[in-house]
Every structure is written in C-alpha cells, then in structure tokens.
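Here is a short briefing on one structure. It covers strand pairing first, then aromatic contacts.

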Amino acid sequence: STISLIEQNRVSPSVDNLTKVLEGLPMSLIEFFTMEMKPKQASFFSREDLVELSDGESSLRLVGATRKDRKLRVLHETYPPGGGSGEKMISHEGEESGVVIKGSIQVTVGDEVCILKEGEAYYIDSLIPHRFHNVSDEECQIVSAATPPNF
C-alpha cells in the first residue's frame with residue numbers, strides 16, 4: 001500500500017522508508033536518485049549538481065553523486081524546526097562526522113544525547129544507533145561526511 005501511495009504522489013517517503021522499499025530491489029538509494037543521470041568524474045559541483053534526497057521536510061543534498069566508485073559521502077543537510085532523520089535510530093557500517101553550520105541539532109548516539117550549536121561537531125562510529133532531531137525553532141544546517149558511502 002505504501003508503494004501505491006508513493007506512485008500516486010500522495011505521500012513522500014522518508015529516506016529510511018525508501019531504503020526499506022529498495023531492499024527488495026537490486027538498487028541502492030543513490031542509484032535510485034541518479035538513475036537518469038550520466039556518470040561523470042567532475043571535481044566541482046554547482047548547487048544544482050547536488051542530488052536532493054528529500055522526504056518533503058528535511059533536505060539531504062549529496063555531493064558527487066554521479067562520481068564513479070565514490071569512497072566518501074558528503075551531505076549538505078537542512079532540518080526545519082521539528083525535522084530530523086526520523087523517529088527510528090539508524091545504524092550503518094563506517095564512520096560519520098559533521099559540523100553544524102547554522103542553528104542547532106539534537107544528536108543521539110546510543111544512550112548519549114547532545115545538542116550541538118553552530119560551529120560544533122560530531123564524529124561517530126555509525127554502527128552505534130544514532131539520529132538527528134532539530135528541537136529548536138530555527139532551521140539547522142549541517143555539512144557531514146561518511147565513509148564508506150552507504151548511499
């Protein structure tokens with residue numbers, strides 16, 4: 001039923017839900033968002049070149065999505081007040097780090113919870129369940145990197 005609602009444009013799936021749908025297909029999340037794009041080994045990217053991975057609320061813009069054999073995932077993340085990575089904690093192979101460039105974000109890593117403000121950062125083992133939630137009343141922006149590029 002969820003796939004039907006997505007096809008009818010009646011619901012925008014979260015990145016987490018879309019990942020679950022794609023588990024049944026031989027396709028990664030990034031392949032889904034870039035299937036109509038030509039691969040290129042560019043070094044520089046305009047704002048329009050960043051691939052938008054959006055759930056209709058929060059925005060994750062991926063740098064270098066069309067680069068062949070990427071070894072790093074770099075995102076420009078934007079979370080509106082109340083927005084975030086979802087209620088469910090996420091976990092994936094690798095390491096992840098980010099810097100808050102605007103606003104603040106509540107980051108939960110395992111049992112630890114911290115509110116990071118502009119200029120502050122995190123560096124985590126991504127296997128530890130984690131999530132991001134904007135508990136402030138202003139937009140939050142983060143630039144993050146992860147390896148390996150899980151999407």
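Two strands count as paired if DSSP finds at least two bridges between them. The model discussed here is predicted. Strand β5 (residues 104-109) pairs with β6 in the antiparallel sense, over six bridges.

**Sheet**
- Strands of a sheet pair through backbone hydrogen bonds, either parallel or antiparallel.
- Three strands make up an open sheet here, in the order β6-β5-β8. Their pairing is antiparallel.
- β6 (112-117) and β8 are the edge strands. Each of them pairs on one side only.
- From one strand to the next, the twist averages 20°.
- Ser104 has Lys117 in β6 as its bridge partner.

**Aromatic pair**
- A pair of aromatic rings is described by the distance of the centres and the angle of the planes.
- How many aromatic pairs does a search of the whole structure find? The search finds one.
- That pair is formed by Tyr122 and Phe132. The centres are 5.3 Å apart, with 55° between the planes. The geometry is tilted, because planes count as edge-to-face only over 60 degrees and as stacked under 30.
- Tyr122 sits in strand β7 (residues 121-125) and Phe132 in strand β8 (residues 130-133), so the pair ties together parts ten residues apart in sequence.

**Burial of the two rings' residues**
- Are Tyr122 and Phe132 buried or exposed? Tyr122 counts as buried, at 7% relative accessibility. Phe132 is buried as well, with a relative accessible area of 2%.
- The cut-off for buried is under 20% relative accessible area.

Definitions and conventions: Residues are numbered from 1 along each chain as its sequence is written. This is a predicted model: local features need pLDDT of at least 70, side-chain atom pairs count only at pLDDT 80 or more; totals for chains, interfaces and linings use all residues. Side-chain values use heavy atoms; hydrogens and water are left out. Rings of Phe, Tyr and Trp (its six-membered ring) pair if their centres lie within 6.5 Å; planes under 30 degrees apart count as stacked, over 60 as edge-to-face and the rest as tilted. Helices (H or I, at least four residues) and strands (E, at least two) are DSSP runs, numbered from the N terminus. Buried means under 20% relative accessible area, exposed over 50%, partly exposed in between (1.4 Å probe, protein chains only). Axes are lines fitted to C-alpha atoms, for helices over the stretch in contact, and angles run from 0 to 180 degrees between N-to-C directions.
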